[in-house]
Amino acid sequence: ALITVTATADVAKEVKKVAETWPVWDSNTHVCDPPDSGKFPFDYSKQEERVLIVCGKAILTPDDGSADVTIGTGDYVIFHKGFSCRWHVLEPMQKHYCYFDEEGNEAKCAGGISCDLCSKDCSAESFLMDGEVDLCPDCYAEKGTEYKLAQRCVDGAEVGKPSKPKKTAPAPANSNKKSAAKKAVAPKKAPMKKR
């Protein structure tokens with residue numbers, strides 16, 4: 001099976017202790033299709049993800065046609081590499097999560113994100129497009145409007161609510177912040193004369 005669910009009563013204390021150090025994902029910030037439905041596709045083709053559900057409930061419908069899987073508060077879930085499904089979040093969910101390489105070693109949990117278009121490391125800032133594609137800021141500026149929804153991420157954590165992608169210009173490579181800041185300062189107004 002490409003998904004392993006350990007019920008809350010059977011999760012070892014050591015596993016919980018480690019998982020509680022991982023970053024937290026919140027379903028309220030995830031891009032849904034249709035919007036606000038709690039439904040979205042997810043593909044675990046790049047690497048294995050392990051999660052500890054903090055709260056909430058969801059039904060996962062595997063793309064391979066196998067039976068639906070329900071996960072909820074306290075469950076420990078392993079999404080094996082190659083698994084893909086459609087999520088339906090029934091109760092708002094938070095989960096601790098971490099990615100693992102093929103040898104079972106913990107990968108960077110808060111970060112380790114690379115752009116799906118140019119492969120550049122975008123761990124510090126990225127954009128999750130339509131809930132599936134990670135873009136670096138430069139690729140977002142160039143191709144972001146080709147997607148329906150964008151979720152900004154900073155250091156691997158989702159920031160704010162998903163929104164419709166906006167056309168932006170990439171930051172110049174040799175921008176001088178001091179001169180830009182000087183240009184942004186409004187000119188001083190002459191003091192008003194007293195009558």
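Which residue lies over the face of F100? R50 does, at 3.8 Å from the ring centre. Here is a short tour of the strands, pockets and rings around that contact. This is a predicted model, in which local features need pLDDT of at least 70 and side-chain atom pairs count only at pLDDT 80 or more, while totals for chains, interfaces and linings use all residues. Residues are numbered from 1 along each chain as its sequence is written, and side-chain values use heavy atoms, with hydrogens and water left out.

- Helices and strands here are DSSP runs (H or I, at least four residues, for helices; E, at least two, for strands), numbered from the N terminus.
- Two strands pair if DSSP finds at least two bridges between them.
- Strand β4 (residues 48-62) runs antiparallel to strand β7, which spans residues 84-100, and 13 bridges join β4 to β7.
- Strand β3 (residues 39-43) also pairs with β7 in the antiparallel sense, over five bridges.
- Strand β2 (residues 24-26) is antiparallel to β7 too, with three bridges between them.
- C85 of β7 is the bridge partner of F42 and also of P62.
- For V24, the bridge partner in β7 is H96.

**A four-stranded open sheet**

- Strands β9, β8, β10 and β11 form an open sheet in the order β9-β8-β10-β11, with antiparallel pairing.
- At the edges are β9 (133-135) and β11, each pairing on one side only.
- Within this sheet, β8 (residues 125-129) and β10 (residues 150-154) pair over five bridges.
- M129 stands opposite A150 in β10.

**The pockets**

- A pocket is found on a 1 Å grid over the protein atoms alone: it is an open set of points where a 1.4 Å probe fits, with protein on both sides within 12 Å along at least five of seven lines, and lining residues have an atom within 4 Å of a point.
- Grid points are joined across faces, edges and corners, and a volume is the space filled by probe spheres set on the points.
- The largest pocket holds about 790 Å³ of space.
- It is lined by 33 residues, and the closest to its centre are F42, Y99, I113, L128 and D134.
- Strands β2, β3, β7 and β11 (157-158) each supply at least two residues of the lining of the largest pocket.
- The lining of the largest pocket has 15 nonpolar, nine polar and nine charged residues (Ala, Val, Leu, Ile, Met, Phe, Trp, Tyr, Cys and Pro count as nonpolar, Asp, Glu, Lys and Arg as charged, and the others, Gly among them, as polar).
- The second largest pocket has a volume of about 270 Å³.
- Its lining has 16 residues, of which S27, N28, H30, C32 and D36 are the closest to its centre.
- With four residues, β7 gives the most to the lining of the second largest pocket.
- By class, the second largest pocket is lined by nine nonpolar, four polar and three charged residues.

**Aromatic rings and charges**

- The whole structure has eleven aromatic pairs (rings of Phe, Tyr and Trp, the last by its six-membered ring, pair if their centres lie within 6.5 Å; planes under 30 degrees apart count as stacked, over 60 as edge-to-face and the rest as tilted).
- F40 and W87 are one of these pairs and are stacked, at 5.5 Å centre to centre with 15 degrees between the planes.
- This pair links distant parts of the chain, with F40 in β3 and W87 in β7, 47 residues apart.
- Buried or exposed? F40 counts as buried at 3% relative accessibility, and W87 counts as buried at 1% (buried means under 20% relative accessible area, exposed over 50%, partly exposed in between, with a 1.4 Å probe and protein chains only).
- Y97 and Y99 are an edge-to-face pair, because their ring centres are 5.9 Å apart and their planes are at 70 degrees.
- Y97 is buried, at 7% relative accessibility.
- W25, F40, F42, Y44, F79, F83 and W87 form one aromatic cluster.
- The charged end of K95 sits over the ring of W25, 4.8 Å from its centre (a charge sits over a ring if NZ of Lys or CZ of Arg is within 6 Å of the ring centre and within 35 degrees of the ring normal).

**The loop between β2 and β3**

- P34 lies in this loop, and a cis peptide bond joins D33 and P34, with omega about 0 degrees.
- D36 is in the loop between β2 and β3 as well, and its phi is near 60 degrees, a positive value in a residue other than glycine.
- D36 is exposed, with a relative accessible area of 80%.
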